[in-house]
Amino acid sequence: MTERDPDVTGTVPNQDVVPRQRIQTTAAVPVPAPPPQIAGARPEPARATVFDIKDMTVFYGTKKALDWTTLKIYRNLVTAVIGPSGCGKSTFIRSLNRMNDSIPGFRLDGQVLYHGHDIYAGATNRVEVRRRIGMVFQRPNPFPKSIYDNVAWAPRNLGLKSNLDERVERALRSATLWGEVKDRLKVSALSLSGGQQQRLCIARAIAVEPDVLLLDEPASALDPVATASIEDLMHELKNRYTIVIVTHNMQQAARVADRTAFFSLDPHEHVGTLVEYDDTNVIFSHPADTRTRDYVTGRFG
Amino acid sequence: MSAPSAAPKSRLMRFVANRRAAERSRGDLIMGALCLAAGLVAALVLFEIAYQVISGARPAIDKFGLGFLGNVEWAPNFSRFGAAVMLYGTAVTSVIAMVIAVPLSIAIALYLAMLAPRAVRTAVGPLVEMLAAIPSVILGFWGLIFLAPWVHAHVEPFLYDAFGGLLPIFGPPQTTGLSLFTGGLILTVMVVPIISSLSRDLFLTVPNELKEGAEALGATRWEVIRGVVLPSTISGVAAATTLGLGRALGESIAVLSVVGTGATIHTSWFQTGNTLAARIAQDIQYPVNQLQVHAIFYLALILLVLGVATNLFARSIARRYDVSRTI
Amino acid sequence: MTSAAPSELPYDPTAPLTPTGNLRRRLIVSRVAQGLAVGAAFVAVAVLAIVVFDVVKSGASVLSLDFLVKDPSQYGVGGGIRSTIIGSAIIVAIGAVIAVPIGVLIAIYMTEFARPKSRIAGALRMGLDLLQGVPSIVIGIFILGLITLPQHEDTGFAGSVALAIIMLPLVARSAQEVLRLVPSPLREASDALGVDRWRSIITVVLPTALGGIVTGSILAVARAAGETAPLLVNDSTAPPHLTFNPFGPMPNVPVQILTASEALNPAGFATAWGAALVLLALILIANVGARFLLARSRRKLTG
């Protein structure tokens, strides 16, 4: 961290992120993002904004876990969240569909706007939030039910009972699992391999047709072959869904993501901080922040 | 020079080591044997219970055979004994207790494991278990003085008016509230803490990942419970229920106080009746003849078989449950 | 992808995040279910409160110094509880003296000596489960056949043995749970020092687990102290006088409550309520205290 370049803010071409400098005394009031045309060469993608996250700060009890995160997530793109362990990646993504609510002491300051509606507003119902923003977890967690019932369970709850077989098949096809399981839909999901289980969890999530799919390190517990099939799957899925994926694997982010956010652990306060957010090729080829460069070139983390 | 001295030294070392190993194993052997002997005592007690109860029941078994189970008569002065009234009463009181206690206990367990705030959980959990600490003689006395009159005045008329026409088991209220129904209610109080604390422990073992997986699919709290928590613990809950049933079948004193110790089978549950355990407790103090003592042992044998059977059944479903969890 | 997926979502993702579709109804179902669960817990606590309240209310007027220091009158109606409470204490104490060492030894065998998945340990566990499943009245009948009938006389000791059988599985199980919590580095450290297994059990493992074992035993004793059925069968004919001889008939509180309540007259009820209040208070205090200590010693062991 000794070769930190102090003037990074000035060179950031894309102002989705306002990196908070520790030396910056006015940090409490982040500068509003200027129009994105500044860089000229690479215009802001003409995409609808799904998430508009403003000054998100997360606490667990008295401990601050994530600091001042401000960024926008765009429709039908794959947005990767990378960074060293403990940098708040999981906290960040789990805050997008209120999965952290059940953690004792969880508190979130700032705003998470989803299509303009505050996810943490009093009138917001978190079941409704999760119905639109699905999530797949680090470890495959199929229910101890049959393969079919794993996929059909949530649609049944939602009352989407017409053409249920068709819906299940469509979800399993989308998750590229149909061919492997179509002859044993009544078999317990626990009999599948780890990679198959994870694809089943993805099928389960898309069976209710969410608007956004959050993937929290979905391939970290899988072997390379299963990982590759999950990555292929993401390319297919982004035509229909907005995807946010947390990964500790930089190559994976480079392969699948359109946009990448790099989080780091503040070395002094041990709080997760968003360092840089940009198009994936920018993050990996010429990042603006030295910390990002150190991380993606393997000098750190 | 080193070689010759090394040999005796190593021999000495080996000797010392052997000595130590011998001493060590001897001490451990004694301790292990002592512990095993304690276990043997427990096993012996179990066999001895079976032996004593069977041999005490033997004359009655020889005289009445299995017909004892179907005979409704219990007439010590005429040396005629049958268990049918008590079997019926035991079945009815246990059914009443289980019908009320199982849903109640599961609801309590769900509340304690999944819904209650932490502070409430640590306060209410032990309170519910404390119900099991009330001595049965006190609960029975309370049932006699407070519960039976209340049931007689409020519950029985209500059930009779509401369902009496359809279900003859809800007959007209009698002169007192001492009845199979009240006996079942007292048993409910005794089995709720057992089933609810066992079920709560089961619900707490459901992996958080499963619950989160369900929540992330836009499921409500109840849907998570019904769709994930209950299905993955169902056999354990069944085992807990069976253990509760075993308790209900065998309870004597509390039931004795409120069941009215009737001698016949009535259609209405609001009439008096008797249970196996209550009959033993009632008759054992003043038996009129030797055959009655043997008949009482016969009743105890039936209870013993029921107790062992429910326990083995609970163990077998609990084991199946363990297997299904580890796949 | 072969499947032609509909590109339109079946709902408007930009709608406000209030319940849509059937969610309103599902939330009502969920809240009703949660309400029922809260209600169930409330009912259980309320029943406990009502029972305790009724016992306290009915027993408090009877309670006096006189009640505690006088023996019961001849037929259990009226009088105090001096001889019965002392009799109960002796019966339960003898039962505990029998049950606790055996139970703890069994627990030591299961946790320290038996190999994992050992058949003997499995059989023992099953035996203890079965023993716990035997109704207490059957245990009473067993002791009747084993001790009381051959002796032709009720004795406090027969009651003690019956109570010991009731306590045994409870003590063994709770001791086992506590012993399992003793960190194995403690054992390994003494093993590495070349200390014999039995020595390390006596000097390291047991002292560490002592708090938990004692409180677990208190819970078992409290449970047995309220048991009536085995005493009714084996020790119910004692005259109401104070006696310290467990090998003869001994008056005791549970049987006193039962006979006084069966008298079905106000004087009998008064005695029964007074005795019930004393017994319930002792048992609940032992319970609360033991639970408190157990939680503390667990916390100490698990860190």
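Hi everyone, let's start at one residue: Gln252(A) sits in helix H9 of chain A, which covers residues 250–256. Helices here are DSSP runs of H or I with at least four residues, strands are E runs of at least two, and both are numbered from the N terminus. Before I go on, this is a predicted model, where local features need pLDDT of at least 70 and side-chain atom pairs count only at pLDDT 80 or more, while totals for chains, interfaces and linings use all residues. Residues are numbered from 1 along each chain as its sequence is written, with chains lettered from A and ligands numbered from 1 in the order in which they are written.

So, is Gln252(A) buried or exposed? Gln252(A) is buried, because 22 other C-beta atoms lie within 10 Å. The cut-offs, with C-beta atoms placed from the backbone, are 20 or more such atoms within 10 Å for buried, 12 or fewer for exposed, and partly exposed in between.

Which residues does Gln252(A) touch? Leaving out residues up to four places away in sequence, they are Ala219(A), Glu231(A) and Thr247(A). Contact means that the C-beta atoms, placed from the backbone, lie within 7 Å. Phe106(A) is 146 residues from Gln252(A) along the chain, and their C-alpha atoms are separated by 30 Å.

Now chain A as a whole. Chain A has 11 helices and 10 strands, and buried residues make up 48% of its 301 residues. Of the contacts in chain A with a separation of 6 or more, 68% are between residues 24 or more positions apart.

Last, the other chains: 69 residues of chain B are in contact with 68 residues of chain C. On the chain B side, helix H1 (residues 2–64) gives the most, with 20 residues. Thanks, everyone!

Conventions: Two residues are in contact if their C-beta atoms, placed from the backbone, lie within 7 Å.
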